[in-house]
Amino acid sequence: MPVGQVVIGPPGSGKTTYVWGLYQFLTALGRPVLVVNLDPAANQPPYEPAVSIDSLISLGDAVDAHHLGPNGAMLYCLEYLEHNLDWLVEQLDRAMSHLEANPPSRPAALDPDGLEEEDGGPPPPKWRREDMYVVFDTPGQVELSTNHDSLKRIVAALQTRLGFRLAAVHLVDASHILDASRYVAVLLLALRTMLQLELPHVNVLSKIDLLGQAGQDLDFNLDYYTEVQDLSYLLPLLERDQRTPRFAELNRTVCDLIEEFGLVGFETLAVEDKDSMLRLVQVIDQALGYVPPSLTTALPSSSSSSASHSHSHSHSHSHSHASHHAHAPHPTFAQSQPLSSALHAGTIQEKWVDHPTEWDQFEKERWKAEGEWAAERATEQSRRRAVEQAAKAAERTDSTPTPTMAAAEAP
């Protein structure tokens, strides 16, 4: 059965940016990935969707036909999609069948020789329907995932009719943790969404790399917010807020409610950072129980031997770290460290909150080293391919008789 993510979150949380970055990341890892655009207001997303709701209905159609405002039109479009589920099922089935029949070429990171199939390289991967990974980009109206049932019923229909295993990936802007009242509001939103959708759920603090540029210090360490530790520590901060002193008892009750459920926690994400994206993809894979086909079919068998190598480097060892990545610019799942030790909260705080300037410099050096590695590799592949093509041409020339030889051999 195919698996996938339902990407949700309020406006400005970075959903479309995440979907585009995830598509590029999974493609580089050799995964069979499709993107479905369910946002009728996004008629020109940065990615190329395999299925898009605007082929069925657009936000402008709903506004013009029923004289609705933007929020009402958005809800109408999702309700219209719910009543036309046959169209969505047919489009998804067609897109997955096309990917099965026409797999893309093997990514360069998974082909050390860089040879095409006709030049002796490996053939394109063969994917099955159960290997398919589908990412659903949804609108930013939070009511669609908190109290409106259309999205929930659409997801349930995909699970029933196409056998999807889906996880909800809920993005919220990391800047909300800088303010105690906004952080509590985010916790309530995440909890309500988890109870509404009834899916395996991963909450994500997106744009974590921008926290260090906010010009404001965190009241607690980052792991306090990601692990949703004792919320009673927030009460003095809420009482000092001039907007909320009258609601001290309400604040206490809300914090107790969140802690009693004990469901909410957060991962972090910086879309442009490969380690951050890898960590999040691993967490979601575990929530789905998904083993990507690249683990068993696309990777060289020798790559698993490097799984035990430690990947934890501080920014003070930038030269050795950059040198290491110059030889392995695209970390694969078999080559990465175990999930438990990958980008823990302390490393994230050091990297993007406490020392963002030093880490920015380190990343630039790392990217430069990877660029040089890629250029050298491309040059070597071109030279090897030219030599092999010349050798094949020489073999064909030697095996073809010249006119003089043919005349001499004639009786």
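This report walks through the confidence, the sheet and the nonpolar cores of the structure above.

First, some housekeeping. This is a predicted model, where local features need pLDDT of at least 70 and side-chain atom pairs count only at pLDDT 80 or more, while totals for chains, interfaces and linings use all residues. Residues are numbered from 1 along each chain as its sequence is written, and side-chain values use heavy atoms, with hydrogens and water left out.

**Confidence**

The pLDDT is the predictor's confidence in each residue, from 0 to 100. Helices (H or I, at least four residues) and strands (E, at least two) are DSSP runs, numbered from the N terminus. Here is how the scores look:

| Part | pLDDT |
|---|---|
| Protein | mean of 81 |
| Strand E5 | mean of 97, the highest |
| Helix H12 (residues 318-327) | mean of 40, the lowest |
| Residues 296-337 | below 50 |

Across the protein, 79% of residues reach 70 or more.

Two strands count as paired if DSSP finds at least two bridges between them. E2 and E3 run parallel over 2 bridges, and asparagine 37 stands opposite serine 52 in E3.

**The cores**

A nonpolar core is a set of buried Ala, Val, Leu, Ile, Met, Phe, Trp, Tyr and Cys residues joined through side-chain atoms within 4.5 Å. Buried means under 20% relative accessible area, exposed over 50%, and partly exposed in between (1.4 Å probe, protein chains only). The largest core has 40 residues, and Leu81, Leu88, Leu92, Val134, Phe136, Leu158 and Phe164 touch the most other members. Among the elements giving it two or more residues are strands E1 (3-8) and E2 (33-37) and helices H3 (70-82) and H6 (150-161). Helix H4 hands over the largest share, 8 residues.

Leucine 92, leaving aside neighbours within four places in sequence, is in contact with Val36, Val51, Val134, Phe136, Leu158, Leu162 and Phe164. There's also a second, separate core of 33 residues, which includes Ala180, Leu205, Leu218 and Tyr224.

**A closer look at valine 89**

Valine 89 lies in helix H4 and is buried, at a relative accessible area of 13%. Not counting residues up to four places away in sequence, valine 89 touches Arg161 and Leu162. Arginine 161 is 72 residues away along the chain, yet its C-alpha is 7.8 Å from that of valine 89.

Terms used. Contact means heavy atoms within 4.5 Å.
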